[in-house]
Amino acid sequence: MTAEKLPDRFEKDFFKHESQQRSWDDLVVGETYDAEPFEVTPERIQLYVEGTEDFNPFFTDEEAAKNSQFEGLIAPPTILTPIVFAAVSPDSWIKMPGAINPGQRWEFGVPVRPGDTIYCHIKLRDKYIKRGKKYAMSEMHITNQNDEFVCRWTGGLVLQFQGNEEMKNR
């Protein structure tokens with residue numbers, strides 16, 4: 001299988017656009033934005049399955065999936081992580097270099113399927129300082145091309161390099 005090349009707008013190098021990113025101080029609680037739509041191809045699902053070594057037959061075996069409660073192939077639910085990161089603008093605070101994920105919560109709706117287009121609406125819910133570290137908390141509402149609820153993803157990032165010179169040297 002030949003790996004698909006993502007369009008140029010799906011930059012994976014978080015450091016490439018570091019100078020264009022806003023600082024934590026510039027983030028506005030309540031701001032919203034939409035990520036680029038992302039098409040889920042069978043090849044992308046297969047690459048994710050191989051990369052995670054999760055060969056669940058609902059992800060890989062058309063016949064088994066057709067005879068399941070899903071009535072067809074689905075993608076692993078956690079495929080949403082690379083989809084969202086691929087679809088978010090490269091200068092987004094979500095892609096801030098050195099950020100640490102302190103935890104997240106996922107609530108799932110309909111499964112992601114081959115051929116779906118995924119849409120992600122993101123809202124910055126809060127930002128605060130705790131133990132000298134800057135946190136940014138968001139909620140992502142993820143739907144498909146039929147405007148069906150796929151996932152609500154809540155969580156945040158510790159933006160450890162933001163204004164903390166000591167952290168840059170670690």
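Modeller: Below, each label is set against its definition.
Modeller: This is a predicted model, so local features need pLDDT of at least 70 and side-chain atom pairs count only at pLDDT 80 or more, while totals for chains, interfaces and linings use all residues. Residues are numbered from 1 along each chain as its sequence is written, and side-chain values use heavy atoms, with hydrogens and water left out.

Biologist: Happy with that. How many helices and strands are there in the chain?
Modeller: The chain has 5 helices and 6 strands. Along the sequence the pattern reads β-β-α-α-α-α-β-β-β-β-α.

Biologist: Why is S138 called buried?
Modeller: Buried means under 20% relative accessible area, exposed means over 50%, and partly exposed lies in between (1.4 Å probe, protein chains only). S138 has a relative accessible area of 7%, so S138 counts as buried. Across the chain, buried residues make up 39% of the 170 residues.

Biologist: What does S138 touch?
Modeller: S138 is found in strand β5. Contact means heavy atoms within 4.5 Å. Not counting residues up to four places away in sequence, S138 touches W93, I122, K123, L124, R125, W153, T154, G155 and G156.

Biologist: What makes a group of residues a nonpolar core?
Modeller: The members must be buried Ala, Val, Leu, Ile, Met, Phe, Trp, Tyr or Cys residues, joined through side-chain atoms within 4.5 Å. The largest such core holds 35 residues, and L80, W93, M140, I142 and L159 touch the most other members. At least two residues each come from α1 (42-52), α4 (80-87), β4 (117-130), β5 (133-143) and β6 (149-158). α4 gives the most, with 5 residues.

Biologist: Which residues does M140 touch?
Modeller: Leaving out residues up to four places away in sequence, M140 touches V84, I94, C120, H121, I122, C151, R152 and W153.

Biologist: How do you know that the buried residues of α4 are on the same side?
Modeller: The buried residues of α4 are L80, I83, V84, A86 and A87. They cover an arc of only 165° around the axis, which puts them on the same side of α4. The arc is that of the directions from the helix axis to the C-beta atoms. An α-helix has 3.6 residues a turn, so residues three or four places apart point the same way. The buried residues of α4 pack against β2 (38-39), β3 (104-108), β4, β5 and β6.

Biologist: And what is buried in α1?
Modeller: In α1, R44, I45, Y48 and V49 are buried. Their arc is only 135° around the axis, which puts them on the same side of α1. Their cover includes β2, α2 (57-60) and α4.

Biologist: What makes two strands a pair?
Modeller: DSSP must find at least two bridges between them. β4 and β5 run antiparallel and are joined by 11 bridges, with K123 partnered by E139 in β5. β2 and β4 are antiparallel too, over 2 bridges, and F38 has I118 as its bridge partner in β4. Strand β1 (residues 32-34) runs antiparallel to β4 with 3 bridges, and Y33 has I122 as its partner there.

Biologist: What lies between β4 and β5?
Modeller: They form a hairpin with 2 residues between them, and R131 in the turn has a positive phi of about 50°.

Conventions. Helices (H or I, at least four residues) and strands (E, at least two) are DSSP runs, numbered from the N terminus.
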